[in-house]
Amino acid sequence: MRTARSIFAAVALAAAAGLSTPASAAERIVSIGGAITEILYTLGAGDRIVAVDTTSLYPEAAPKLPQVGYLRSLAAEPIIALKPTLIIADGDAGPPAVIKQIREAGVRLEVTPADPSVANVYEKIRIVSALVGEEAKGNELAEAIRRDLRSLAKAVAAIPDRPRVLFLLSVGRGSPLAGGNETHADTIIALAGGVNAAAGFTGYKPIPAEGVVAARPDVILVVDRTAAALGGEKVILARAEIAATPAGRAKRIVTMDGLLLLGFGPRTAVAARELALRLHPGLRLD
């Protein structure tokens, strides 16, 4: 049950976001953020979207829509030129000056919180479903995710050993970029029954070669685009700093779709279950 404080916070957020005025079926929506776009399609509101950002890669229809650029480096003019009646943006959208410019142009812009937690998955669903008048579907979706994650948590709780997982967002010239505490990578690793090997810092930061070795990862986790750009898993495992780790010696590397793994949208439970099965071969899930 929600505490009185959390209920008050939810009501305050809803009022601040203008959720008392849901979008109509005639809305022209610009969706900025892969998770936002997935939620809209899952709620049956995909036909109201007139443009998306470049992180909106799922479902298959999304990247076929007109694009407004990368969510962190948007420009106001191309978005305003689409004459949207509603823009729904992920909390990481920006830069702030562009967000301000869009609002000053009189375009309705709603921004979801930026928080790499499971709780924020439900919050994004609540906000978006209210904006498009699909609260019932939103509640059903959130409950389905909760149910799947509860089942996964039960299975993971029975696992005696937790592998140390090092998530590398980028691996190329210079130090790799690793996911520390308070990141989507940190959260998904925990959901899947792993231990974040880069838990000594917060956010995504470069990790030097000696840091990779000192982290002692049992598994290297990367998104598939990173693996493909570098020539495949073997090339990553052959890097000196990775080859010197337990993961490198055991040739244990997991690659997953980036939006699925880090998007924290409707497929969050799917991503956590897939990663759990990769980290724990033989794990039995309902």
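Predicted model: local features only at pLDDT ≥ 70, side-chain atom pairs only at ≥ 80, totals over all residues.
Q: How are helices α2 and α5 oriented to each other?
A: Helix α2 (residues 34–42) and helix α5 (residues 118–131) have axes 10 Å apart and pack at an angle of about 55 degrees. Angles from 65 to 115 degrees count as roughly perpendicular and those under 35 as roughly parallel. The two helices are therefore oblique.

Q: Which residues of α5 make the contact with α2?
A: The crossing of α2 and α5 is right-handed. On the α2 side, the contact is formed by Ala35, Ile36, Ile39 and Leu40. The residues of this contact comprise six nonpolar, no polar and one charged. Those contributed by α5 are Lys124, Ile125 and Val128.

Q: Is α5 roughly parallel or antiparallel to α6?
A: The axes of α5 and helix α6 (residues 135–157) come within 8 Å and cross at roughly 165 degrees. An angle over 145 degrees counts as roughly antiparallel. The relation of α5 to α6 is therefore roughly antiparallel.

Q: How many nonpolar residues does the contact of α5 with α6 have?
A: From α5, the contact involves Val118, Val121, Tyr122, Ile125, Ser129 and Ala130. From α6, Glu135, Gly138, Leu141, Ala142, Ile145, Arg146 and Leu149 take part. By class, two residues are polar, two are charged, and the nonpolar ones number nine.

Q: How many of the 14 residues of α5 are buried?
A: A residue is buried when its relative accessible area is under 20%. Helix α5 is largely enclosed by the rest of the structure, because the buried residues number twelve.

Q: How far apart are the end C-alpha atoms of α5?
A: At 1.5 Å a residue, the 14 residues of α5 should span 20 Å. The model agrees with this expectation, so the distance between the end C-alpha atoms is 20 Å.

Q: Is Lys83 buried or exposed?
A: Lys83 is not a glycine, yet its phi is positive, about 55 degrees. This residue lies in the loop between α3 and β3. Because a relative accessible area over 50% counts as exposed and that of Lys83 is 65%, Lys83 is exposed.

Definitions and conventions. Residues numbered from 1 in each chain as written. Heavy atoms only, no water. Axes fitted to C-alpha atoms, helices over the stretch in contact; angles between N-to-C directions. Helix = DSSP H or I, 4+ residues; strand = E, 2+ residues; numbered from the N terminus. Left-handed = near helix turned anticlockwise from the far one by under 90°. Contact = heavy atoms within 4.5 Å. Nonpolar A, V, L, I, M, F, W, Y, C, P; charged D, E, K, R; others polar. Expected span 1.5 Å × (residues − 1). Buried < 20%, exposed > 50% of the residue type's maximum accessible area, 1.4 Å probe, protein only.
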